[in-house]
Amino acid sequence: MEQQTCPSLFAFLVLFFHALCVIFASKLKKAREDKELNQVDVAAALNIPRSTLANYETGRTEPDIETIGKLITFYEIDANWLLSTTGK
């Protein structure tokens, strides 16, 4: 018997994942702004295009795990804060 996915559960999971991405993106932007840095300087320091950093900060794309580690180190922030759904 083929298992069917409940449409409402799928919709919930999509919305939940989107919310997590928005929270992550806003925290990433806050970390940069708290250091009083602009995207150009951060992107240059991390050797990534500025547009890539902008995409991370808007939630359009997500960084890979290696880049997340670089961002955490660069901004001197707690990984739990960046990756959690609580705290501003």
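Predicted model: local features only at pLDDT ≥ 70, side-chain atom pairs only at ≥ 80, totals over all residues.
1. Basis. Local features require pLDDT of at least 70 and side-chain atom pairs pLDDT 80 or more, whereas totals for chains, interfaces and linings use all residues. Residues are numbered from 1 along each chain as its sequence is written, and side-chain values use heavy atoms, without hydrogens and water.

2. Overall make-up. The chain holds five helices and zero strands (DSSP runs, H or I of at least four residues for helices and E of at least two for strands, numbered from the N terminus).

3. Packing of α1 and α3. The axes of α1 (residues 7–34) and α3 (residues 50–58) come within 6 Å and cross at roughly 125°. These axes are lines fitted to C-alpha atoms over the stretch in contact, with angles from 0 to 180 degrees between N-to-C directions.

4. Residues in contact. Ala25, Ser26, Leu28, Lys29 and Arg32 of α1 meet Leu53, Tyr56, Glu57 and Thr58 of α3 (contact: heavy atoms within 4.5 Å).

5. Buried face of α3. Leu53, Ala54, Tyr56 and Glu57 are buried (under 20% relative accessible area; exposed is over 50%, partly exposed in between, with a 1.4 Å probe and protein chains only). Viewed down the axis of α3, its buried residues fall within an arc of 160°, so they line one face of the helix; the arc is that of the directions from the helix axis to the C-beta atoms. These buried residues pack against α1, α2 (39–46) and α4 (65–75).

6. End of α3. Just after α3, Gly59 has a positive phi of about 85°.
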